[in-house]
Amino acid sequence: MSIVAVSAGFPGVSRVLEEGEKLRVWDFVRIDQDGTVKMNKADIYLLGAWHPGYEELVSFLHRDFREVKVGVLWTSSCGEMGLEPIEQEFLERILADDRIDFIWFGDPALADIFEKGFHIPYPLKYEEHQEEKKERSISLFAPRPAKKNLFTQFAAAKLAQDKYGLILHTNVTLPFECGVNAVKYPWLPRNELQRVVSSSLLHMGVSFAETFSYATADAALWGTPSVVSPAVSWAPAAYSVSNPNDASEILEAVECVLESPRNATEAFRQSLMLHATTDGELLTEFLHSRIMSA
């Protein structure tokens with residue numbers, strides 16, 4: 001059975017779909033800025049999250065493409081939805097729509113709650129890269145929703161800077177940044193982002209809510225360990241803080257990485273290998289069985 005994945009410009013959702021395309025699980029089609037989309041006939045259509053522009057697309061699929069399954073990839077966790085009320089409204093709308101046959105949840109709990117939902121791990125094509133020469137720096141690259149816990153991480157970066165002289169490399173600008181010395185970047189192309197993150201001693205991923213964190217996975221593949229919160233459930237516990245609201249505890253996790261960065265990198269890579277779905281055929285089999293039983 002053939003699958004076409006379609007998404008508007010949601011970076012986190014699009015990353016899941018990009019990885020699935022790398023593993024040849026589906027064809028990924030991006031909706032153009034003018035709202036147009038061109039795609040082939042398929043048996044299953046997977047929509048990335050929800051966008052008001054999907055209304056017309058779903059109607060078209062059911063009108064012109066008979067005997068198809070249409071579903072949604074929902075990557076937000078319960079915690080993320082708690083921080084973003086609009087997402088609660090979108091999910092309620094999707095659940096009530098008889099045209100949506102299934103929902104692939106990134107959060108296993110949501111899959112248990114809702115009848116037409118299921119959970120399987122996200123795809124990832126596991127490819128280690130040779131790291132850049134390390135600098136005395138920390139990297140923090142993220143969008144700016146509340147779930148990313150950015151101010152607390154800036155505070156922790158300031159503590160690490162005062163104690164160890166580490167410069168922060170980031171694309172984030174906050175109204176008040178604790179006086180941290182930071183090198184600022186725009187939203188970088190992937191090859192430039194890899195260069196900056198790979199040359200850092202560690203990456204900061206201490207968010208309040210996630211269902212995977214591809215940014216932390218990328219850092220590991222690029223040879224840079226991270227400090228994280230328990231929301232990054234696959235990450236090794238030694239580098240996870242118990243309280244993401246505590247900048248001093250984040251500093252302690254930073255110190256744990258600095259004591260043995262090579263061991264930290266290997267620990268992240270080993271954990272990632274255990275938790276990522278890297279087998280395209282296996283993922284396809286799981287996905288088909290869940291969709292057809294939804």
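H8 passes H10 in a left-handed crossing. The model discussed here is predicted.

User: How many residues of the contact of H8 with H10 are charged?

Analyst: H8 brings Thr216, Ala217, Ala220 and Leu221. They meet Thr265, Phe268, Arg269 and Leu272 in H10. By class, the contact has five nonpolar and two polar residues, and the number charged is one.

User: What angle do helix H6 and helix H9 make where they pack?

Analyst: H6 spans residues 150–164, and H9 spans residues 247–259. Their axes are 8 Å apart. The two helices are therefore oblique to each other. The packing angle is about 55°.

User: Does H6 pass H9 in a left-handed or a right-handed crossing, and which residues make the contact?

Analyst: The crossing of H6 with H9 is right-handed. On the H6 side, the contact is made by Thr152, Ala155, Ala156, Leu159, Ala160, Lys163 and Tyr164. On the H9 side, the residues are Ala247, Ser248, Ile250, Leu251, Val254, Glu255 and Leu258.

User: How many nonpolar residues are in the contact of H6 with H9?

Analyst: Lys163 of H6 and Glu255 of H9 are both part of this contact. By class, the contact holds two charged and two polar residues, and the nonpolar count is ten.

User: What is the volume of the largest pocket?

Analyst: Its lining is made by 48 residues. Among them, Phe10, Pro11, Gly12, Val13 and Pro143 lie nearest the centre of the largest pocket. The volume of this pocket is about 1400 Å³.

User: Which element gives the most to the lining of the largest pocket?

Analyst: Five elements each supply at least two lining residues: helix H1 (11–22), strand S2 (27–30), helix H4 (85–96), helix H7 (190–198) and helix H8 (214–221). The top contribution is seven residues, and it comes from H1.

User: How many residues lining the largest pocket are nonpolar?

Analyst: The lining of the largest pocket includes ten polar residues. Eleven others are charged. The nonpolar residues number 27.

User: How much space lies in the largest cavity?

Analyst: A search of the whole structure finds one cavity of 30 Å³ or more. Its lining has 14 residues, with Ala142, Lys148, Met204, Gly205 and Glu210 nearest the centre. The space in the largest cavity is about 80 Å³.

User: Which element gives the most to the lining of the largest cavity?

Analyst: By class, this lining has six nonpolar, six polar and two charged residues. Strand S10 (202–205) and H8 are the elements that give two or more residues to the lining of the largest cavity. The highest share is three residues, from S10.

Definitions and conventions: Residues numbered from 1 in each chain as written. Predicted model: local features only at pLDDT ≥ 70, side-chain atom pairs only at ≥ 80, totals over all residues. Heavy atoms only, no water. 1 Å grid on protein atoms, 1.4 Å probe; cavity = no way out; pocket = protein on both sides within 12 Å on 5 of 7 lines; lining within 4 Å. Points joined across faces, edges and corners; volume = space filled by probe spheres on them. Helix = DSSP H or I, 4+ residues; strand = E, 2+ residues; numbered from the N terminus. Nonpolar A, V, L, I, M, F, W, Y, C, P; charged D, E, K, R; others polar. Axes fitted to C-alpha atoms, helices over the stretch in contact; angles between N-to-C directions. Parallel < 35°, antiparallel > 145°, perpendicular 65-115°, else oblique. Left-handed = near helix turned anticlockwise from the far one by under 90°. Contact = heavy atoms within 4.5 Å.
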